[in-house]
Amino acid sequence: MRDNDISQQVKTRTITVLYGFLTQRQEIPEYILKEYGLTEDYAMYNRIENMEYEDYETGRKDGRLPDITAMEARLTRKIEAAMESCGKPPVPYLEKLNEELEILGMVAKNPKYADNILYKLDFFAKYGIDRTAPHRTQSEQAKNAYRELDSRFVRMTGRRPYADELFGPDRRQAGIADNNRGRTLRNRPGGRKPGM
């Protein structure tokens, strides 16, 4: 029983530390970075954050450094996954994700909404939405991101999924049932002929 208590304390501490990074960019201890495979991305993020802008731009143009927006989005996704694997995250975190879920739903329903919202660019990078893509593509990307975030909410909170209510059933999951929609399946007439 004592090992379970220690394990839960470590997970609780990990959630606190990772949430501290997401909200206030607090340092993450090395043991947590190693445990969740964050070391490389975290080191690159800190390296870029501590550079002069001109040095960063030169390195990015030369291909030696990644785009900071994409880098930060990737690190954020990894940290969120690590935190969520430790147990139920803090309520303010869930509230922030719920806001993001609502925005994704609005963009999926009306991609022109993305042009009008004042949200950080890393939001779109975090959810894989290409701001330069046609609106139809942005809508599909937002819909996929919504479904993924919605399923994360189901795992974290136990609530029912909302994606099917908003968009209808996911065609990829419906599989064969969609292929047969509208067709009536009957047994073929036939069998043995009389007299045999």
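## Ground rules

The model is predicted, so local features need pLDDT of at least 70 and side-chain atom pairs count only at pLDDT 80 or more, while totals for chains, interfaces and linings use all residues. Residues are numbered from 1 along each chain as its sequence is written, and side-chain values use heavy atoms, with hydrogens and water left out.

## The overall fold

The protein chain has twelve helices and zero strands. Both are DSSP runs, numbered from the N terminus: helices are H or I with at least four residues, and strands are E with at least two. Along the sequence the pattern reads α-α-α-α-α-α-α-α-α-α-α-α.

How much of the chain is buried? Of the 196 residues, 35% are buried. Buried means under 20% relative accessible area, exposed means over 50%, and partly exposed lies in between (1.4 Å probe, protein chains only). The chain exposes about 13,200 Å², and carbon and sulfur atoms supply 50% of that area. Accessible areas come from the Shrake-Rupley method with a 1.4 Å probe; for residues, only the protein chains shown count as cover.

Residues 24 or more positions apart account for 51% of them. Contact means heavy atoms within 4.5 Å.

## Helix α6

Helix α6 covers residues 91-109, which is 19 residues. From first C-alpha to last it reaches 27 Å, close to the 27 Å expected at 1.5 Å a residue. The expected span is 1.5 Å times one less than the number of residues.

Which residues of α6 are buried? Among them are Tyr93, Leu94, Leu97, Leu101, Leu104 and Ala108. Glu100 is also on the list of buried residues. An α-helix has 3.6 residues a turn, so residues three or four places apart point the same way.

## Two buried glutamates

Glu80 sits in helix α5 (residues 68-85). Its relative accessible area is 3%, so Glu80 is buried. The side chain of Glu80 makes a polar contact of 2.9 Å with the side chain of Arg152. A polar contact is a pair of N or O atoms within 3.5 Å; within protein, one must be able to donate a hydrogen and the other to accept it, and residues adjacent in sequence count only if both atoms are side-chain atoms. Leaving aside neighbours within four places in sequence, Glu80 also touches Leu22, Tyr93, Leu97 and Lys126.

Glu84 is in helix α5 too. Is Glu84 buried or exposed? Its relative accessibility is 16%, so Glu84 counts as buried. A polar contact of 2.5 Å links the side chains of Glu84 and Arg152. Beyond four places in sequence, Glu84 is in contact with Pro89, Tyr93, Leu97, Arg152 and Met156. Glu84 and Ile15 are 69 residues apart along the chain, yet their C-alpha atoms are separated by 7.9 Å.

Tyr19 lies in helix α1. Not counting residues up to four places away, Tyr19 touches Met83, Pro90, Pro92 and Tyr93.

Arg25 is found in the loop between α1 and α2 (30-35). Arg25 is not a glycine, but its phi is positive, at about 55 degrees. Most residues other than glycine have a negative phi. Arg25 is partly exposed, with a relative accessible area of 32%.

## Aromatic rings

Rings of Phe, Tyr and Trp (its six-membered ring) pair if their centres lie within 6.5 Å; planes under 30 degrees apart count as stacked, over 60 as edge-to-face and the rest as tilted. By this rule there are six aromatic pairs. One of them is Phe21 with Tyr45, edge-to-face, at 5.8 Å centre to centre and 80 degrees between the planes. Phe21 lies in helix α1 (residues 2-24) and Tyr45 in helix α3 (residues 39-49), so the pair ties together parts that are 24 residues apart in sequence. Both Phe21 and Tyr45 are buried. Phe21, Tyr42 and Tyr45 form one aromatic cluster.

The charged end of Arg131 sits over the ring of Phe124, 4.2 Å from its centre. The charged end of Arg159 sits over the ring of Tyr162, at 3.9 Å. This calls for NZ of Lys or CZ of Arg within 6 Å of the ring centre and within 35 degrees of the ring normal.
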